[in-house]
Amino acid sequence: MTRKGNKSMGAMGGLAALAGAAGLLLSGLLIANQAAAKSKYEVDGRKSGYHYSNPETNEMQDDDFLNPGMLWVQRGIALWSKVDGAAGKSCASCHGDDARKTMRGVFTVYPKLNKKTGKLENIEQRINRCRVENMKAKPWKWESGELLSMTTFIGFLSRGLPMNVKVDGEVKPFFEKGKAEYFKRRGQLDMACKHCHIDNPGKRIRADLLSEGRAGQAFPLYRLKWQKIGSLHRRFRGCNKQVRAKPYKPGAEEYVNLELYVKWRSRGLPVEVPAVRR
Amino acid sequence: MAKARVKVPGKAKAGEVILIKTLIRHKMESGNRKDKKTGQKIPRHIIDKFTAKYNGEVFFSSDWEGGVSANPYCSFNCKVDKSGAFEFIWHDEKGEEFKAEAKIEVS
């Protein structure tokens, strides 16, 4: 009886091993396919989060159809020519119907200085300023479907171009403030951004693999945990909560400065919007 | 607002097996989550039936349950013999239907 039992166990073990081998082979193929993409997402030793993702997640990002972020891009395309507000204008009225020509590269240079207010302004705030000043429409709410769609669409138009934010001259003080945010300890756990993303990338924090935090070229991205597209500021808030700090509001000055620093950390990396991460 | 995306090859040879990819934006609320503020369960709201038709004839359909993720992706094969139109229908639990169409030329 025991012998028989052992035998069948052995057969089952063999089957499991076979299935395991097939799985390994499959992920091996995925890894080989992604090797080329990986070298693209590394510039001067700066590695995008793509390097720290599962091969399966990267496969989703690489296939434009499989990538659920493209649903937001599609909605962005529809919003581009939708008339809204008292001025009776749409984005296309000023920027032209073919956004691929007029808006390519725009994403890579934000956040930028708004000369009127003397403050730093990121892409979401720029879109809303356009809506209020030029279209006489209501600004979109942060993390609303519309704002995420439009931001994702604008980011998508610059896909493949290197990130290139300006950090000198008039912007320098904001950059320094952003850098200070990055190195500032916060929360009950008394941790700064740098403790994970500069000191310990590639190591595990419980079940999660820490990335280098080169997020500037990837956000807004589709996060599997959120099951939707989210902005960089939502990610900041999540990180802040994890170290048990009180997060700032999305769009807060502190976050915009931090965004500039994070995007500077992503300098030279090609835009991946909409990226897919765990 | 176009919610669904489908990808069907524009041309194919008679008897060829083609791959069809579909994707739709839907929150697929599982019914197991709670509203953090009120503590009340969020009622279930999912797509429960997906049907694919070719020239009016159903050739693929599937029933979906609460475990299907948000923004579901579904791909499947179809053997095509003559030119025609595909119709894809996602049926929502609340009775709403989302549709998408695609055409194929078979030589």
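In the predicted model described here, A:Arg75 is buried, with a relative accessible area of 17%, where buried denotes under 20% relative accessible area, exposed over 50% and partly exposed the range in between (1.4 Å probe, protein chains only). The side chain of A:Arg75 meets that of A:Glu146 in a salt bridge with an N to O distance of 3.9 Å, a salt bridge being a side-chain nitrogen of Lys or Arg within 4 Å of a carboxyl oxygen of Asp or Glu. This pair links distant parts of the chain, since A:Arg75 lies in helix H3 of chain A and A:Glu146 in helix H7 (residues 145–157) of chain A, 71 residues apart; helices (H or I, at least four residues) and strands (E, at least two) are DSSP runs numbered from the N terminus. In contrast to the buried A:Arg75, A:Glu146 counts as partly exposed, at 27% relative accessibility.

Because this is a predicted model, local features were considered at pLDDT of at least 70 and side-chain atom pairs at pLDDT 80 or more, whereas totals for chains, interfaces and linings use all residues. Residues are numbered from 1 along each chain as its sequence is written, chains are lettered from A and ligands numbered from 1 in the order in which they are written, and side-chain values use heavy atoms, with hydrogens and water left out.

Chain A contains 11 helices and nine strands, and of its 278 residues 46% count as buried. Among contacts in chain A (heavy atoms within 4.5 Å) between residues at least 6 apart in sequence, 68% join residues at least 24 apart.

Over all chains, the whole structure holds 23 salt bridges. A further pair is formed by A:Asp208 and A:Arg278, whose closest N and O atoms are 3.5 Å apart. These partners likewise link distant parts of the chain, A:Asp208 being in strand S6 (residues 208–209) of chain A and A:Arg278 in the segment after strand S9 (276–277) of chain A, 70 residues apart. Both are partly exposed, A:Asp208 with a relative accessible area of 37% and A:Arg278 with one of 40%. In the salt bridge between A:Glu272 and A:Arg277, the closest N and O atoms lie 3.1 Å apart, and both of these residues are buried. Salt bridges with shared partners also join A:Lys116, A:Glu121, A:Arg129 and A:Glu133 into one network.

A:Asn114 belongs to strand S3 (residues 112–114) of chain A and is buried, at 7% relative accessibility. The side chain of A:Asn114 makes a polar contact with that of A:Thr117 at 3.2 Å, a polar contact being a pair of N or O atoms within 3.5 Å, of which, within protein, one must be able to donate a hydrogen and the other to accept it, with residues adjacent in sequence counted only if both atoms are side-chain atoms.

Another asparagine, A:Asn58, is found in helix H2 (residues 55–62) of chain A and is buried, with a relative accessible area of 0%. Apart from neighbours within four places in sequence, A:Asn58 is in contact with A:Gln34, A:Tyr50 and A:Ser53.

In helix H10 (residues 232–242) of chain A, the buried residues are A:Leu232, A:His233, A:Arg235, A:Phe236 and A:Asn240. Seen down the axis of H10(A), these buried residues fall within an arc of 155 degrees, so they line one face of the helix, the arc being that of the directions from the helix axis to the C-beta atoms. The buried residues of H10(A) pack against strand S7 (221–223), strand S8 (228–230) and helix H11 (253–265) of chain A.

At the interface between the chains, 14 residues of chain A are in contact with 16 residues of chain B. The two chains bury about 1300 Å² between them, 63% of it on carbon and sulfur atoms, where buried area is the accessible area (1.4 Å probe) that two parts lose on being put together, summed over both. One salt bridge is found across this interface, and B:Lys21 forms a salt bridge with A:Asp63, with the closest N and O atoms 3.2 Å apart. Five residue pairs in polar contact, both residues at pLDDT 80 or more, are also found across the interface of chain A and chain B. Helix H3 (residues 70–80) of chain A contributes six residues, the largest share of the side of chain A that touches chain B.
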